[in-house]
Amino acid sequence: MKLRALADLQDQPNARQTILERVEDTIADQLDAGAAGKTVSNTVNGLRAFIGWLITRKYLGRDDDPLSALEPIDRSPKRIRRAGNLEELRAIFGIATADRRLLYATAFVTGLRSNELRLLKPGDADVSMGGLHLDASWTKNRKRGFQVVPRHLLEILLEQAALGVPDELYRKAYSRSSSKNDPPQGPLLYVPSHPERVLDRDMVTAGVEKETDRGILDFHAVRKSFVTFLLHDPQLAPKEVQELSRHADLDLTMNVYGEARQDELRDAV
């Protein structure tokens with residue numbers, strides 16, 4: 001069935017069942033293609049919001065919701081990620097080049113995602129306040145923020161940016177690629193197009209296992225490592241960790257990103 005107008009939702013025979021089946025088939029196709037349950041669920045929520053608007057505007061009756069029988073989508077992650085420990089980080093830092101060490105250091109002490117790191121500019125760094133100003137246009141939660149950063153790391157980032165190091169690295173990277181886009185202008189930090197691949201290679205060289213019985217360590221897990229390190233700092237209260245993690249809900253901090261350390265559990269017992 002092809003929908004050409006809003007009226008088709010009501011006027012077609014068996015339209016309710018047909019629309020539900022189409023949505024279910026699309027969900028199954030996306031999940032089979034490797035899409036995360038959370039991503040697919042967010043898409044469905046957008047569709048539900050549209051249907052809610054149709055009902056509010058009386059294009060649909062309140063009992064005509066075609067997705068009322070749709071089963072909940074499993075949002076549990078397919079890939080369990082783990083936090084890196086200090087020994088693994090030291091091994092990775094020991095073999096990484098200077099530009100990658102700076103990238104890893106910034107990622108591990110801020111918990112910023114790769115795209116957030118990529119969009120940082122020297123003007124976002126505030127040495128007097130000791131951190132980075134985050135713009136609402138590129139943060140995941142679409143809110144302005146401020147991320148505390150060690151002062152010496154800020155100074156190194158600004159020094160490298162003033163010397164044009166990130167600019168030069170981007171120019172070299174873009175000259176080797178087939179991209180028709182211009183490299184970023186005036187970045188604070190060089191972030192490779194695929195930081196997860198770069199980290200994977202450095203982990204192999206450093207002898208760090210990507211996957212253990214606790215999960216996978218990749219660039220996406222850097223944020224999990226950041227939160228876990230904070231939670232194990234005895235000087236920080238959970239609320240402070242939540243603020244540094246920029247989470248709206250403490251449950252997200254404690255139960256999704258936070259990870260218990262087996263060595264500490266053994267010592268406690």
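Trainee: What should I know about the model before reading it?

Mentor: The model is predicted, so local features need pLDDT of at least 70 and side-chain atom pairs count only at pLDDT 80 or more, while totals for chains, interfaces and linings use all residues. Residues are numbered from 1 along each chain as its sequence is written, and side-chain values use heavy atoms, with hydrogens and water left out.

Trainee: How many salt bridges does a search of the whole structure find?

Mentor: Side chains of opposite charge can pair when their charged atoms come close. A salt bridge here is a side-chain nitrogen of Lys or Arg within 4 Å of a carboxyl oxygen of Asp or Glu. By that rule the whole structure has nine salt bridges. One of them pairs Arg82 with Glu88, with the closest N and O atoms 3.0 Å apart.

Trainee: Are Arg82 and Glu88 buried or exposed?

Mentor: Buried means under 20% relative accessible area, exposed over 50%, and partly exposed in between (1.4 Å probe, protein chains only). Arg82 has a relative accessible area of 0%, so Arg82 is buried. Glu88 is at 13% and therefore counts as buried.

Trainee: Which residue forms a salt bridge with Asp200?

Mentor: Lys210 does, and the closest N and O atoms are 2.9 Å apart. Helices (H or I, at least four residues) and strands (E, at least two) are DSSP runs, numbered from the N terminus. Asp200 sits in helix 9 (residues 195-206) and Lys210 in the loop between helix 9 and strand 4 (211-212), ten residues apart. Asp200 is partly exposed at 26% relative accessible area, and Lys210 is partly exposed at 30%.

Trainee: What else do Glu116 and Arg246 touch?

Mentor: Contact means heavy atoms within 4.5 Å. Leaving out residues up to four places away in sequence, Glu116 touches Trp138, Thr139, Lys140 and Arg246. With the same exclusion, the contacts of Arg246 include Leu112, Leu134, Asn141 and Arg223. Arg246 also has a polar contact of 3.1 Å, side chain to side chain, with Gln147. A polar contact is a pair of N or O atoms within 3.5 Å; within protein, one must be able to donate a hydrogen and the other to accept it, and residues adjacent in sequence count only if both atoms are side-chain atoms.

Trainee: At what angle do helix 4 and helix 5 pack?

Mentor: Axes are lines fitted to C-alpha atoms, for helices over the stretch in contact, and angles run from 0 to 180 degrees between N-to-C directions. Helix 4 (residues 86-95) and helix 5 (residues 98-110) pack at about 155°, with axes 9 Å apart. Helix 4 is therefore roughly antiparallel to helix 5. Angles over 145 degrees count as roughly antiparallel, under 35 as roughly parallel, 65 to 115 as roughly perpendicular and the rest as oblique.

Trainee: Which residues make the contact?

Mentor: Helix 4 supplies Leu89, Ile92 and Phe93, and helix 5 supplies Arg101, Tyr104, Ala105 and Phe108.
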